[in-house]
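Subject: Structure handover and findings

Hello,

Here is the structure for your files. My notes follow below it.

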Amino acid sequence: MLTLTQALYDQLVEHARKDHPDEACGVVAGPAGTDRPERFIPMLNAARSPTFYEFDSKDLLKLYRELDDRDEEPVIVYHSHTATEAYPSRTDITYANEPGAHYVLVSTADTDGLGEFQFRSYRIVDGVVTEEEVQVVEAY
């Protein structure tokens, strides 16, 4: 299960809406070994595409150095889908290289008739996608 604060949830949704019609992407870091998302790190979608996201290689290198210096790890790796449901594509699954991370997808399309966005979380390990419950709390 992914547990995150209302503030982080709101930041993820706002980033997805702000970057629409392009896919938004980023990371939420937390103290190493805690599985607690704390620090919201929006990234630039270097692909600037409505159907694909890509972290800039220099930004990604800088991010991982910073995480290492702060004894943090990527707890959430997130991106948005602009025209499809919040479910990992084949490309998303192929690029999922953080087995300990929660992969959050925010869809800015009303694909299910339940509202203007979906917020879903998955574990992706060795190409296997498992959806998990999301719990939003006021504080940890």
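How many residues lie between β6 and β7 in their hairpin, and which residue in the turn has a positive phi? Two residues separate the strands, and D126 has the positive phi, about 50°.

First, the ground rules. This is a predicted model, in which local features need pLDDT of at least 70 and side-chain atom pairs count only at pLDDT 80 or more, while totals for chains, interfaces and linings use all residues. Residues are numbered from 1 along each chain as its sequence is written, and side-chain values use heavy atoms, with hydrogens and water left out.

**Strands**

Helices (H or I, at least four residues) and strands (E, at least two) are DSSP runs, numbered from the N terminus. Two strands pair if DSSP finds at least two bridges between them.

β6 covers residues 118-125. Strand β7 (residues 128-132) runs antiparallel to β6, and five bridges join the two. V125 faces V128 of β7 across this pairing. Strand β5 (residues 102-107) also pairs with β6, again antiparallel and over five bridges.

Look at Y122. On the β7 side, Y122 stands opposite E131.

β6 is largely enclosed by the rest of the structure, because six of its eight residues are buried. Buried means under 20% relative accessible area, exposed means over 50%, and partly exposed is in between (1.4 Å probe, protein chains only).

**Salt bridges**

Side chains of opposite charge can pair when their charged atoms come close. A salt bridge here is a side-chain nitrogen of Lys or Arg within 4 Å of a carboxyl oxygen of Asp or Glu. The structure holds nine of them.

R123 meets D35 in a salt bridge, at 3.7 Å from N to O. R123 lies in β6 and D35 in the loop between β2 (25-31) and β3 (39-43), so the pair ties together parts 88 residues apart in sequence. R123 is partly exposed at 24% relative accessibility. D35 is partly exposed too, at 35%.

E72 forms a salt bridge with R39, with 2.6 Å between the closest N and O atoms. E72 lies in strand β4 (residues 72-81) and R39 in β3, so this pair links parts 33 residues apart in sequence. E72 is buried, with a relative accessible area of 14%.

E72 also bridges to R70, at 3.3 Å from N to O. R70 is partly exposed at 46% relative accessibility. Shared partners join R39, E66, R70 and E72 into one network of salt bridges.

**Surface**

D68, D69, D71 and E73 form a negative surface patch. A charged patch takes residues with over 30% relative accessible area and no salt bridge, joining like charges within 9 Å; for nonpolar side chains (Val, Leu, Ile, Met, Phe, Trp, Tyr) the limit is 5 Å. Asp and Glu count as negative, Lys and Arg as positive; His and the chain ends are not counted.

D71 sits in the loop between α2 (57-69) and β4. D71 is exposed, at 55% relative accessibility.

S57 belongs to helix α2. S57 is exposed as well, at 57%. From S57 to E14 is 24 Å, C-alpha to C-alpha, and the two are 43 residues apart in sequence.

Best wishes

Conventions: Accessible areas come from the Shrake-Rupley method with a 1.4 Å probe; for residues, only the protein chains shown count as cover. The place of a charge is taken as NZ of Lys, CZ of Arg, CG of Asp or CD of Glu.
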